Amino acid sequence: MILAAIVAIIAIAMLCSLLLNLIIYALPLYVGTTAGLWAHASGTGVLVSVIAGGLTAITVLVIAQWLLAVVRSPLLLAVVGLLFALPAAFAGYHAVYGIVGLVMPPNAGSIVLSSIGALAVGIMAWVRVPTTGHNR
């Protein structure tokens with residue numbers, strides 16, 4: 001029983017580490033998924049929709065990296081960081097809500113914990129994204 005608790009704590013820590021490493025890619029994933037679903041709804045096939053979504057996600061990521069490398073204004077860097085932080089906070093909310101849902105029933109406490117998790121993930125993404133462009 002003690003070994004299972006230790007393994008569970010390690011697994012949760014590894015999942016949180018993975019989430020924090022992947023928060024930068026929440027915006028391209030969101031935009032790519034939306035483009036792929038839109039292409040599929042407009043009548044294209046599944047393969048074309050997946051390709052369209054993937055190319056859209058790659059394009060968004062390349063444009064964002066280019067903006068981070070070119071922009072010098074702290075205000076514009078903050079706007080780019082905010083564009084990445086909002087989808088990351090949304091993903092963080094649902095990740096924390098899923099983890100909390102494993103140990104407690106859905107109630108106001110789980111929503112509060114999930115909101116705190118969303119705020120923490122959003123702040124981490126907002127702080128982390130402007131530093132990924134290039135060394136200043």
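This is a predicted model: local features need pLDDT of at least 70, side-chain atom pairs count only at pLDDT 80 or more; totals for chains, interfaces and linings use all residues.

Student: Which residues make the contact between α2 and α4?
Tutor: From α2 you have A26, L27 and P28, and from α4 there are L83, F84, P87 and A88. By class, that contact has 7 nonpolar residues, with no polar and no charged ones.

Student: OK, staying on α2, which of its residues are buried?
Tutor: A26, L27, P28, G32, A35, G36 and A39. The buried residues of α2 pack against α1 (2–22), α3 and α4.

Student: How far does α2 reach from its first C-alpha to its last?
Tutor: α2 has 16 residues and spans 22 Å, close to the 22 Å expected at 1.5 Å a residue. Just after α2, G43 has a positive phi of about 110°.

Student: Let's pick on G36. Buried or exposed?
Tutor: G36, which sits in helix α2, counts as buried, because its relative accessibility is 11% and the cut-off is under 20%. Setting aside neighbours within four places in sequence, G36 is in contact with S49 and G53.

Student: And how far apart are G36 and V70 in space?
Tutor: They are 29 Å apart, C-alpha to C-alpha, and 34 residues apart in sequence.

Student: You mentioned S49. Where is S49?
Tutor: S49 is in helix α3, and with a relative accessible area of 6% S49 is buried. Beyond its neighbours within four places in sequence, S49 is in contact with G36, A39, H40 and T44.

Student: What joins the side chains of S49 and T44?
Tutor: A polar contact of 3.0 Å.

Student: What about the rest of α3, which residues are buried there?
Tutor: S49, G53, A57, V60, A64 and L68. The buried residues of α3 pack against α2 and α4. As a rule, an α-helix has 3.6 residues a turn, so residues three or four places apart point the same way.

Student: How many residues does α3 have?
Tutor: Helix α3 (residues 46–70) has 25 residues, and from first C-alpha to last it reaches 36 Å, close to the 36 Å expected at 1.5 Å a residue.

Student: Switching topic: S110. Buried or exposed?
Tutor: S110 is buried, at 1% relative accessible area. S110 lies in helix α5 (residues 108–128).

Student: So what does the side chain of S110 reach?
Tutor: The backbone oxygen of N107, at 2.8 Å. Not counting residues up to four places away in sequence, S110 touches Y97, V100, M104 and P105.

Student: Last one, G101. Buried, partly exposed or exposed?
Tutor: Partly exposed, at 48% relative accessibility. G101 is placed in helix α4.

Student: And what separation do the C-alpha atoms of G101 and I111 have?
Tutor: 9.9 Å, with the two residues 10 residues apart along the chain.

Key
Residues are numbered from 1 along each chain as its sequence is written. Side-chain values use heavy atoms; hydrogens and water are left out. Contact means heavy atoms within 4.5 Å. Helices (H or I, at least four residues) and strands (E, at least two) are DSSP runs, numbered from the N terminus. Ala, Val, Leu, Ile, Met, Phe, Trp, Tyr, Cys and Pro count as nonpolar, Asp, Glu, Lys and Arg as charged, and the others, Gly among them, as polar. The expected span of a helix is 1.5 Å times one less than its number of residues. Buried means under 20% relative accessible area, exposed over 50%, partly exposed in between (1.4 Å probe, protein chains only). A polar contact is a pair of N or O atoms within 3.5 Å; within protein, one must be able to donate a hydrogen and the other to accept it, and residues adjacent in sequence count only if both atoms are side-chain atoms.
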